[in-house]
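Hi,

Here is the structure I said I would pass on. Have a look at it first, and then read my notes below.

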Amino acid sequence: MTEDFSQSLTPPVSPFAADSLCELTPARPQFLYYETDTVEIFGFPWVTETALVESTNLLFGLFRQKVFRLETLVQSSSYDFGQAGNLHYEAEDLRQQCVLFLQYVKVFLYRYLEPPSTLEDGPSHPYEKLEAQLPSALLEELFGITLLIGRLKDLPANVHSAFTIQNQGKIFPPSWHLLHLHLDIHWSVLEILHLLGQKMQGQVVYAHQFVNLTGENLTDTSLFEDHLCSLLCDLTGLAIGKYSKVRPTEAVTSHHYLCSCTKELWVLLIHLLEYRSKLLHTQSFWSYMNSLLRPLVSGKPAAEQYSGLPTHCKDPLGFTWWLVTQLAELGRYSRNGTFQNEKQLEDNWSFVEELLKLTCLPEEQVRMHVHCCLSLFLLWDPSTSAVSTLWDFYSKNLSGSFPVPWLGVSGLGTLCKTPLALLEQARSCCSPSPLHTPGHTQLYRSANSFHIFLRVLALCLTQDSTGGAPQRQIKGRIYSKFSSKKMQELSEAGLMNFLLLFLVVARQVELEDVAGRACELLGYLPSNCPPGHRTLVWRGQLSLLLLFQKGLDVSAQASWLASSFNEMAKEFYKKTTEASRRLALWGSLGSYLEGVAEVFETSTNLCLSEEKLLSEGFDWLLPACRLSELHSALGFLQIVLAQRIHQRSVQSALTSAWAASATSVVKERHLAVAAALWAHFFPFLRTLRLSQTPPPQLADAAAGFTLLAFDLPSSAPQDLQPNPVQSTMQCFGWDDMVHPLLVTRYLPHLLQNSSDKKLAPVFLTGRAADEQLSELTRLVLKLPEVDSLLQTAGLQPTAIRVDPRSALEIFVKAVGSVYSGLQVLSERSAMVTRALDYIGDILKHIKPSLINKNHEGIQLAYWAVGCIVKHWSPLLATSKAQQLLFRIVDGLLLPHHLTQQDKALRDSLPLYLQVMASSVSQSQGIFLKKQLQSVTSRYLDHFLPAAPSTVAIANHPVLLGACEAGPSLRGSFLLFKGHAPPPRLASVLMFLLELLRRNNDTDPALLTLPLPSLLRCLMLVNEPQVRKTSTDALQLVVERCAAASTEGPCDQMISVLRSFVEENVGVYDRQVYSVLQTVAVLDSSVVQVLIPDLSLSLRNIEHKRGLGKNAALRSAYMKLLELLGESGQAEIISLEAD
């Protein structure tokens, strides 16, 4: 013992006072309290230096009375809450007095008890005799106390229940105080016996009176041993009761003590026994616990001193693991109650290894055992022997998945679908979480027992980072468990466990050696192993590749992987491969793509033989891919190209700091990867580019190859030389055979740093097919040529982000505006050529939209071409461009079928009609005039409603076009051909009336074009709506012709009326006069001119018939003449005179 009492094994204040108000020895006195000459014990003053010697029996008798009194309070206490406070204070005072007395005994022994000495001759003082008898008397009293209080396990149930009492305003029942007084007494007895033995300097103390009365030996050592074993047994029994309520998931978070005072008692026992073991060479704490727990685990009877353990432990082995782990953690506490990083308690690996040898299935128990073992590895120095024992177990069960059924999928561990995920899991196993963190406490739920074992293994391998004996021993034991037969027997779960095992070992010890051994063992797998096995093998191999650092040669591993991939890709390509087999093969092949992509994403300097991974197997794989599979393959290619460009840019920035030799090596690696990409991927992309449904990733990959050609032109194949960039862009961007969807996604990747004028027409033609071109629009508007056009036309957009549709219209309008502003013939001719280059073969580019019958695409195609026709009408009228206009009319306005184009035509037809009319007036082309007549005739009838409808007629596209067009358009369709009325006459007349109303034409030649048909309608049709509409139209024609002819009757009107009379008077005499009456009401002057002709025709008719005067016919004629004023009256007189 040290000289300062403050360093006693019993600290003055409970080390766990901060944790709880439940202190083992509350209100322990300060040492100065015992420095006075007298001390008050049990309410009486005593001489401090002599009381224990002179009044041993009396003091212990008073002590027993206080204990009895406290027991009486417990038995007589009621549930009267009014008395709770009084009972608490009385019980607390009784416990305080008992504790103060025990403390006094300890202080007395430490200060005043003299070591035994040889008695000198001569009489001795009576006090000296009493003092010499004190050790024996004290031993007998302590024995009596142990008999008085009994064992903790024998306490009544109402006292045991006090363990669960929570603090309620610091008021506790007497049972709580009695329970904790028992704990104080049990500890104090041990401490007093220890102090007594220390003071006696190894001399055995006998209880002489007890020996004389019973004949049995009782010594301080035997009493200490008996009491200690009983106390350890009882505390373990309490822990067994606590364990019955602990689930396996709570094993490392649930404590074995019932309250902080029992925790303190465990810590004090640990330090006391460890101190005695070092000083007196007695048994250590673990020696006592092992002797106590070993019979419990084995099921054999316990030694006599450990009798009394409960017989109903639900899981003795699990409980033992749990208790050992909990006690090992308590071993980190100092005797002052603070947690230390350095261990205070020695290891107990010998006993733990015994427990490991008893570990067996089921997983529910194994997982808890290994979890506890991991906690011990974190608390103690790692044990190679323990790891070997665990590996012996798992080597026999490696193919297991280690599930806990009631945990569901959460207990199966992490599913590693990629090499990086597998490597990340290995990394997590190599870096176990500290104790008490969620990463450690939740392991039971998040990882299976094998994954927890890997954490144990990693900790053991970490202890010797230089490859010493422990590492070599463990590595050798792992290698020795695998053979060709063993590898072929592994299930998928077993193969995954194998890969994780070797990844963990490779991370901790010699990487090249472990990786080589893993590859050798994987080579034992048969070539026809299931695709699932092959997937795992590739995943594991790629994970090992990711572990390698600069300077290590991995070409052998990469070549092995590539060869395996090639074989499976060839089988995937074969037409004879069954669909189910292809599906299984694609699972493995897709996994290979994901893994190699991760290699490129994580590699910083292409030092992992990446070019070998891009093997000839892709020549077989890509052509055999279906659409969904092709998406994955092209996505993989895009990742590889992007990562290569990124790595190249990063390394280019660092080139100045590198040596020339290092730069050369890096460039060689990039050239090797680039050559593999050109050889195994680019040919397939070229065959895919002409597809009418190109996958979106094709454009991205093509852009990647273009940038690759720009960065490393020498790596491109010979057929793209000498300018691989231009050749690649021609292949994917400028070729008219390439689908616009591909072009418009391909170009934005390149436009950022390009000023090639050929990109503008690609934008234009692509825009006609795809509306999603925001980025392409932004980039095209920045091109120098486009910007110059917009500036010249004064049409630069003001918005930061221009809508693609608006941008297209602005661009087309700018081209037309610039052309119109040119005066020099050569410049205008050059501008026509440029404009035609811009749009290229526009009809070919919009053809897919028309063929696919996509309503949105058709609408957009008609609008875009209509925009060109509208703003380029002067340009399209030229001899160079007129052929394009003819093709547009034939392809868009005169197609064979109109079903899908109805809406698009209805919306855009007015625009086309206006431009065609304008072009006709400029060029006077006979063919264009004929086309215009065909278009007008076709769509006038096509969009005409079957029944007259004001709304339908008002929105008729031909009507809308005619209102804005010149005379050539209206003259081409207002002339009614033939003598029979046309179909849907009412609708036609309503269309004609609406057209006349909307236009204020003053040319009589144009106005009189529909007049013959109107006259015939009035003459032949009696349907009221037709007659009304015809009359209204006739009125507009007559009135406007009259207004236009200021010098007399309208000659055109007279000519039409004269022809009308000549054609019809001999057949429809009365109807002709009736029609002329209507005209006379509107304008009598034009009919007056016809009087001689009408009278002559009347007389000729009568003469031909040879019947004399036709009274009815003359009567009808005279009614007409009555409307013609004086000329008419004069003619009436003339007729009467006949």
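Leaving aside its neighbours within four places in sequence, which residues is Ser175 in contact with? They are Val74, Asn158, Val159, Ala162 and Ile165, where contact means heavy atoms within 4.5 Å. Ser175 itself lies in helix 6 (residues 174–199) and counts as buried, at 12% relative accessibility. Buried here is under 20% relative accessible area, exposed is over 50%, and partly exposed is in between, with a 1.4 Å probe and protein chains only. Helices are DSSP runs of H or I of at least four residues, strands are runs of E of at least two, and both are numbered from the N terminus.

Before you go further, some ground rules. This is a predicted model, in which local features need pLDDT of at least 70 and side-chain atom pairs count only at pLDDT 80 or more, while totals for chains, interfaces and linings use all residues. Residues are numbered from 1 along each chain as its sequence is written, and side-chain values use heavy atoms, with hydrogens and water left out.

The overall picture

The protein has 58 helices and two strands. Of its 1138 residues, 53% are buried. If you take the contacts between residues at least 6 apart in sequence, 75% of them join residues at least 24 apart. The exposed surface comes to about 50,100 Å², and carbon and sulfur atoms supply 53% of that (Shrake-Rupley method, 1.4 Å probe; for residues, only the protein chains shown count as cover).

Helix 8 brings Phe224, Leu228, Leu231, Leu232, Leu235 and Thr236 to the contact, and helix 9 brings Leu265, Trp266, Leu269, Leu272, Leu273 and Arg276. By class that is 10 nonpolar, one polar and one charged residues; Ala, Val, Leu, Ile, Met, Phe, Trp, Tyr, Cys and Pro count as nonpolar, Asp, Glu, Lys and Arg as charged, and the others, Gly among them, as polar.

Helix 22 (residues 511–522) has 12 residues and reaches 16 Å from its first C-alpha to its last, close to the 16 Å expected at 1.5 Å a residue. The expected span is 1.5 Å times one less than the number of residues. Its buried residues include Leu511, Val514, Arg517 and Cys519. They pack against helices including helix 19 (469–480), helix 21 (492–508) and helix 24 (555–573).

Further along, helix 52 (residues 1024–1044) has 21 residues and reaches 30 Å, close to the 30 Å expected. Among its buried residues are Val1026, Asp1032, Leu1036 and Arg1040. The cover over them includes helix 49 (985–998), helix 51 (1011–1020), helix 53 and helix 54 (1069–1082).

Val1061 is in helix 53 (residues 1051–1064) and counts as buried at 5% relative accessibility. Beyond its neighbours within four places in sequence, Val1061 is in contact with Val1072, Leu1076 and Leu1094. Leu1094 is 33 residues from Val1061 in sequence and 7.7 Å from it in space, C-alpha to C-alpha.

Gly595, in helix 25 (residues 579–602), is buried with a relative accessible area of 0%.

Backbone spots to check

Most residues other than glycine have a negative phi, and most peptide bonds are trans. His281, in the loop between helix 9 and helix 10 (285–298), has a positive phi near 60° and is exposed, with a relative accessible area of 68%. His436 also has a positive phi, near 75°, and is found in the loop between helix 15 (419–430) and helix 16 (438–441). A cis peptide bond joins Gln721 and Pro722, with omega about 10°; Pro722 is in the loop between helix 31 (696–711) and helix 32 (724–734).

Cheers
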